[in-house]
Amino acid sequence: MAEDLQIITGNKTEQYQSLLPQIKGLLEGETDLVANLANIAAALKEQFGWLWTGFYLVKEDELVLGPFQGPVACTRIRKGRGVCGTSWAEAKTLIVPDVEKFPGHIACSSLSKSEIVVPLIKDGVVTGVLDVDASEYNQFDETDKRFLEEIVGMLSY
Ligand code: SME
């Protein structure tokens, strides 16, 4: 497929509905994990313009920084620490409307105000997380949860 992403305006659902088949197309025929995570992070950043979009992968007993778009970030996060480590420990998506109100939130960037973290789950085991940060409060809701879970579900990791 062409590598240019078609960016649309519209409400959040419309934006995801345009983006999802394009992400599916990007992943089709490519089995390399890093390549696929890198393109997902880039596609989300391009369409939505969020502050930070990217992945942490479970390596031994920590989450380690993977492909991302945005400002440089913390490289390692322990299980149960911060939003990412809590999403890993609880194996569920966490929506954080105001990061300052999340106990133990890890501030990689002082610009981050709200966040959503979606776990990657294979055979019932969390293998990593998708983390998205916004520079404004209250940017994520059930719509993001639904579509971002659908996106990570396209990965076989
Ligand atoms: N805020 C995250 C850390 C990762 S950065 O936002 C990229 C957390 O609390 O887990």
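Helix α3 is followed by A91, whose phi is positive, near 50 degrees. The structure is a predicted model, in which local features require pLDDT of at least 70 and side-chain atom pairs count only at pLDDT 80 or more, whereas totals for chains, interfaces and linings use all residues. Side-chain values use heavy atoms, with hydrogens and water left out, and residues are numbered from 1 along each chain as its sequence is written. Helices (H or I, at least four residues) and strands (E, at least two) are DSSP runs, numbered from the N terminus.

Helix α3, which spans residues 82-90, is mostly covered, 7 of its 9 residues being buried, where buried denotes under 20% relative accessible area, exposed over 50%, and partly exposed the range in between, for a 1.4 Å probe and protein chains only. The buried residues of α3 are G82, V83, C84, G85, T86, S87 and W88. The elements that cover these buried residues include β1, β2, β3, β4, β5 and β6.

When its neighbours within four places in sequence are left aside, L130 is in contact (heavy atoms within 4.5 Å) with L44, G54, F55, I116, V117, V118, L120, L148 and V152.

The packing of α1 and α4 was examined through their axes, which are lines fitted to C-alpha atoms, for helices over the stretch in contact, with angles running from 0 to 180 degrees between N-to-C directions. The axes of α1 and α4 come within 11 Å and cross at roughly 0 degrees. The two helices are therefore roughly parallel to each other, given that angles under 35 degrees count as roughly parallel, over 145 as roughly antiparallel, 65 to 115 as roughly perpendicular and the rest as oblique. On the side of α1, the residues that meet α4 are K12, T13, Y16, Q17, L20 and I23, and their counterparts in α4 are T143, D144, F147, L148, E150 and I151.

The count of salt bridges, each a side-chain nitrogen of Lys or Arg within 4 Å of a carboxyl oxygen of Asp or Glu, comes to 7. One of them pairs K12 with D141, the closest N and O atoms being 3.5 Å apart. This pair links distant parts of the chain, since K12 lies in helix α1 (residues 12-27) and D141 in the loop between β6 (125-134) and α4 (142-153), 129 residues apart. Both partners count as partly exposed, K12 with a relative accessible area of 22% and D141 with 34%. A further salt bridge joins the side chains of K145 and E149 (3.3 Å, N to O); being 4 residues apart in helix α4, these two are separated by about one helical turn. K145 is partly exposed at 24% relative accessibility, as is E149 at 30%. Salt bridges that share partners join K12, D141 and D144 into one network. In the salt bridge of D98 with K101, the closest N and O atoms are 3.6 Å apart; D98 counts as buried at 16% relative accessibility, whereas K101 counts as exposed at 68%.

A search of the whole structure for disulfides, defined as pairs of cysteine sulfur atoms within 2.5 Å, finds 1. This disulfide joins C74 to C108, with an S to S distance of 2.0 Å, and with -120 degrees about the S-S bond the link is left-handed. The pair links distant parts of the chain, C74 being in the loop between β2 (62-69) and β3 (76-78) and C108 in the loop between β4 (94-96) and β5 (114-122), 34 residues apart. Both cysteines are partly exposed, C74 at 21% relative accessibility and C108 at 34%. C84, by contrast, is in no disulfide, and the nearest cysteine sulfur, that of C108, is 7.5 Å away; C84 is buried, with a relative accessible area of 5%.
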